[in-house]
Structures are given as structure tokens and as C-alpha cells.
Amino acid sequence: MAAVSICSSGRNLLQFMKLVGQLKRVPRTGWVYRKVEKPESVADHMYRMAVMALLTDDKQLNKDRCIRLALVHDMAECIVGDIAPADNISKEEKHRREKEAMDHMTQLLPGDIKKEVYELWEEYEHQASAEAKFVKELDQCEMILQAMEYEELEKNPGRLQEFFSSTAGKFKHPEIVQLVSAIYEERDSSIAAHANEPQP
């Protein structure tokens, strides 16, 4: 009986990993809609967010929990896709679909881990802790950092302004405010340099 249970557990874990693997092939919708060449995947986005969480120096935050939240927060998108504001799907419907996806995914995991992964996702969704709020700011910060990088790659500074506009006034954490200031400073320099280039 134990051998059967181990075998079944292994198959379930494999299915879970295959689902998570889909995140490497789900492009971030906002970039697709803006016709960015080779848009990043959801997994790309989550990975850099996890690194950003790792680098926090805020002793008031549980760093380990921040990293875990970053790794779980968009996990449901391997099933439902990256639902963007432009898709005109209500927040309630988006939450319902993602909750259903997380219910399905976590059923593949053993007891304690199943509970942990699901509760991390809920914590982020409901912004129920200081860590969840911090990771939400990381989510927005990573997005504008990526937007700046795409503008640089395209040599078209300013093209993705709407992503910057959508986050105006949303950054509160001092470390993130500092990073966002550096992003804006670098981007403003690029826009100014581009404006001063001779036009063909």
C-alpha cells in the first residue's frame, strides 16, 4: 500500500510541476497587447520579483515569506492565463477563476504543502499582511522596470508610458520608492537623450 501511495504522490507532484512549467510559456499579456517583441513570460516576472524580495533589507518584514509570496502570487495563471485590465474581466471573475485554478493545483500536493501554497496565494490576493503589501509593490515595480528595459531594447524611450502612469502614487515602501526613483531617473535621461538626437 505504501508503494502505491508513493507512486501516486510522485505522479501528482509531476502533474503539479508540469502545470507550474506552463508559466514559462504564458506571455505577460500587457506586453503582447503592446506588440513587444519576445515578451517575457509570467515565470520570468515572478523570478525577478523573488530576487527583489530576497534583496530587501527591511528587518520588519519576513523575507522568506516575501520570497514565497512572490513565487506563488501568479501561479494560477498557468491555467487561467494572464488576465489583463484590457480583457474587461471583473476583479471578482478574475479572482473566481484563479481560486478555482489554485484549488485544482493544490489538490495535487500533500497536506501541509497544499495548505501553505493555497494560503500564500490567498494572503497575496487579500493583501492580508505587510509582506503581501510589499510584494504587491514589487509586482508593480518589476513591471515598470521591465517596461523601461523594453523601451531601451526598442530604442524608443517613452513608448510604454501607460505602464508608468498606471503605477503613479502606488509606491510607499522606502526601498521600492528608492528603486523606482532610480528607474525614473534613468528613463528620463534616455527620453531626453532621444529627444536631442537629430531626426532623420
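1. How exposed is Gln127, by relative accessible area? Gln127 is partly exposed, at 23%, where buried means under 20% relative accessible area, exposed over 50% and partly exposed in between (1.4 Å probe, protein chains only). Gln127 sits in the loop between helix H7 (111-125) and helix H8 (130-154); helices here are DSSP runs of H or I with at least four residues, numbered from the N terminus. Although Gln127 is not a glycine, its phi is positive, at about 50°.

2. A word on the model before going on. This is a predicted model, in which local features need pLDDT of at least 70 and side-chain atom pairs count only at pLDDT 80 or more, while totals for chains, interfaces and linings use all residues. Residues are numbered from 1 along each chain as its sequence is written, and side-chain values use heavy atoms, with hydrogens and water left out.

3. Lys35 also deserves a look. Its phi is positive, about 55°, although Lys35 is not a glycine. Lys35 belongs to the loop between helix H2 (29-33) and helix H3 (42-54), and it counts as exposed because its relative accessibility is 72%.

4. The largest nonpolar core has 48 residues, and Trp31, Met102 and Val135 have the most contacts inside it. Such a core is a set of buried Ala, Val, Leu, Ile, Met, Phe, Trp, Tyr and Cys residues joined through side-chain atoms within 4.5 Å. Two or more residues each come from helix H1 (2-21), H3, helix H4 (63-72), helix H6 (91-106), H7, H8, helix H9 (161-165) and helix H10 (174-196). H8 gives the largest share of this core, 11 residues. In soluble globular proteins, nonpolar side chains tend to be buried together.

5. Val135 is in contact (heavy atoms within 4.5 Å) with Met49, Cys66, Leu69, Ala70 and Tyr124, leaving aside residues up to four places away in sequence. At the start of H4, a side-chain oxygen of Asn62 comes to within 3.2 Å of the backbone nitrogen of Asp64.

6. Please also check the aromatic residues. There are four aromatic pairs in the structure; rings of Phe, Tyr and Trp (its six-membered ring) pair if their centres lie within 6.5 Å, with planes under 30 degrees apart counted as stacked, over 60 as edge-to-face and the rest as tilted. Tyr118 and Trp121 make a tilted pair, 5.8 Å centre to centre with 45° between the planes. Both lie in helix H7, three residues apart, about one turn of the helix. Tyr118 is buried at 14% relative accessible area, and Trp121 is buried at 0%. The rings of Phe164 and Tyr184 have centres 5.5 Å apart and planes at 75°, so this pair is edge-to-face. It links distant parts of the chain, with Phe164 in helix H9 and Tyr184 in helix H10, 20 residues apart. Phe164 is buried at 0% relative accessible area, whereas Tyr184 is partly exposed at 26%. Elsewhere, Trp31, Tyr150 and Phe163 form one aromatic cluster.

7. What does Arg187 lie over? Arg187 lies over the face of Phe164, 3.7 Å from the ring centre; the criterion is NZ of Lys or CZ of Arg within 6 Å of the ring centre and within 35 degrees of the ring normal. Arg187 also forms a salt bridge with Glu151, their closest N and O atoms being 2.8 Å apart, where a salt bridge is a side-chain nitrogen of Lys or Arg within 4 Å of a carboxyl oxygen of Asp or Glu. The pair links distant parts of the chain: Arg187 in helix H10 and Glu151 in helix H8, 36 residues apart. Both Arg187 and Glu151 are buried, Glu151 at 3% relative accessibility. Contacts of Glu151 include Arg159, Phe164 and Arg187.

8. Finally, the other charged pairs. The whole structure has 16 salt bridges. Glu119 pairs with Lys115, the closest N and O atoms being 3.0 Å apart, and both lie in helix H7, four residues apart. Glu154 and Arg159 meet in a salt bridge at 2.6 Å, N to O. Glu154 is partly exposed at 31% relative accessibility, and Arg159 is partly exposed at 31%. Salt bridges that share partners also join Glu93, Arg96, Arg97 and Glu100 into one network.

Terms used:
Polar contact = N/O pair within 3.5 Å; in protein donor to acceptor, adjacent residues only side chain to side chain.
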